[in-house]
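Dear colleague,

I am passing on the structure that we spoke about, together with some notes on what was found in it. Please have it open beside the text as you read.

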Amino acid sequence: MASTDTPAKDDLAGLEAGLDALDSVQVGRTPLRTTLTRKVLPPVTAVALVLAVWQLLVWAGAAPAYKLPSPGAVWAEVETAWLQGTLLDYIWTSVSRGLLGFLLALAIGTPLGLLVARVGFVRAAIGPILSGLQSLPSVAWVPPAVIWLGLNDSMMYAVILLGAVPSIANGLVAGIDQIPPLFLRAGRTLGATGLREAWHIVLPGALPGYLAGLKQGWAFSWRSLMAAEIIASSPDLGVGLGQLLENGRNNASMSQVFLAIFLILLVGIAIDLLIFSPLERRVLRGRGLLAKG
């Protein structure tokens with residue numbers, strides 16, 4: 001009898017040890033060399049290859065200089081803007097508008113998404129409209145916004161809201177739809193109803209989908225703002241990155257056009273790396289879906 005119980009106890013002990021190993025969290029820091037090799041070196045290498053191919057095309061005369069400026073010519077534009085003190089102004093004008101517009105879209109899209117996801121009549125009434133608005137190009141809102149509001153910052157924010165709110169609301173709706181019904185029933189059993197249910201059960205459960213909607217909402221905010229700045233120009237609006245791009249076209253300066261494109265791309269990458277990627281890693285790690293990084 002003792003010999004029969006011993007293997008069972010050994011199996012149970014092994015199972016417990018395995019579960020403990022799964023629950024354990026690696027808290028050690030990633031070595032600097034590993035971080036540089038895995039996260040810094042690949043994008044730096046990609047940028048270096050793009051610059052090398054670009055310069056080779058210039059040397060080979062693939063296109064006239066007025067169509068394809070050299071990397072050195074674009075860098076000269078950077079230096080000129082920096083010495084004139086306008087480079088940071090271009091960036092800040094657009095970034096401040098984009099972030100404020102995104103925060104306004106967040107304040108509107110979150111309760112709207114909760115309402116659509118939790119109220120069947122509202123979902124049937126405006127759910128398809130939100131999906132349609134999400135697929136509508138942001139640039140389509142610029143002409144009516146200019147006519148309604150004029151050439152001012154309110155027009156810019158209106159275009160951002162119309163582009164970003166549907167994405168944020170739909171992302172939250174998708175996240176709520178993926179919550180297991182058992183979680184909602186358990187929450188109600190424990191007394192979580194109304195706002196308590198929304199705050200303690202629904203939003204945490206929908207967080208992955210909601211975060212995806214936020215990332216898409218920011219992308220739509222940034223794209224909408226660039227479209228508005230390119231089309232609507234006024235001295236009262238200042239010069240953002242979109243207006244810088246349009247100025248380059250009007251001046252037939254491809255180096256200025258390339259500068260604007262690179263700055264727009266740089267801001268988009270920086271916002272993702274500094275805000276959304278850390279949030280995403282934190283959410284995934286908290287749910288046991290990301291062991292390292």
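**Contacts and patches on the helices**

The side chains of Thr110 and Tyr210 are joined by a polar contact of 2.5 Å, a polar contact being a pair of N or O atoms within 3.5 Å, where within protein one atom must be able to donate a hydrogen and the other to accept it, and where residues adjacent in sequence count only if both atoms are side-chain atoms. Thr110 itself belongs to helix α4, and at 13% relative accessibility Thr110 counts as buried; buried here means under 20% relative accessible area, exposed means over 50%, and partly exposed lies in between, with a 1.4 Å probe and protein chains only. Helices are DSSP runs of H or I with at least four residues, numbered from the N terminus.

Before going further, please keep in mind that this is a predicted model, in which local features need pLDDT of at least 70 and side-chain atom pairs count only at pLDDT 80 or more, while totals for chains, interfaces and linings use all residues. Residues are numbered from 1 along each chain as its sequence is written, and side-chain values use heavy atoms, with hydrogens and water left out.

Turning to the charged pairs, side chains of opposite charge can pair when their charged atoms come close. With a salt bridge taken as a side-chain nitrogen of Lys or Arg within 4 Å of a carboxyl oxygen of Asp or Glu, the count comes to 6 salt bridges.

One of them joins the side chains of Arg97 and Asp153, at 3.2 Å from N to O. This pair links distant parts of the chain, since Arg97 sits in helix α4 (residues 87-118) and Asp153 in helix α7 (residues 153-177), 56 residues apart. Arg97 is buried, at 5% relative accessibility, whereas Asp153 is partly exposed, with a relative accessible area of 33%. Arg97 and Asp153 also belong, with Glu229, to a network of salt bridges.

Another salt bridge is formed by Lys215 and Asp272, whose closest N and O atoms are 3.8 Å apart. Here too distant parts of the chain are linked, with Lys215 in helix α10 (residues 207-231) and Asp272 in helix α12 (residues 254-286), 57 residues apart. Lys215 is partly exposed, with a relative accessible area of 26%, and Asp272 counts as partly exposed at 25%.

A salt bridge within one helix is found between the side chains of Glu246 and Arg249, at 2.7 Å from N to O; these residues are 3 apart in helix α11 (residues 241-250), and so are separated by about one helical turn. Glu246 is buried at 16% relative accessibility, but Arg249 is exposed at 55%.

The surface also carries patches, which are made of residues with over 30% relative accessible area and no salt bridge, like charges being joined within 9 Å and nonpolar side chains (Val, Leu, Ile, Met, Phe, Trp, Tyr) within 5 Å. A patch of positive charge gathers Arg38, Lys39, Arg281 and Arg285, and the elements that give two or more residues to this patch are α2 (32-59) and α12. Arg38, in helix α2, is exposed, with a relative accessible area of 64%.

A nonpolar patch is formed by Leu265, Ile269, Leu273, Leu274, Ile275 and Leu279, with about 580 Å² of accessible area together, areas coming from the Shrake-Rupley method with a 1.4 Å probe. Leu274 lies in helix α12 and is exposed, with a relative accessible area of 68%.

Conventions:
Lys, Arg positive; Asp, Glu negative; His and termini not counted. Charge placed at Lys NZ, Arg CZ, Asp CG, Glu CD.
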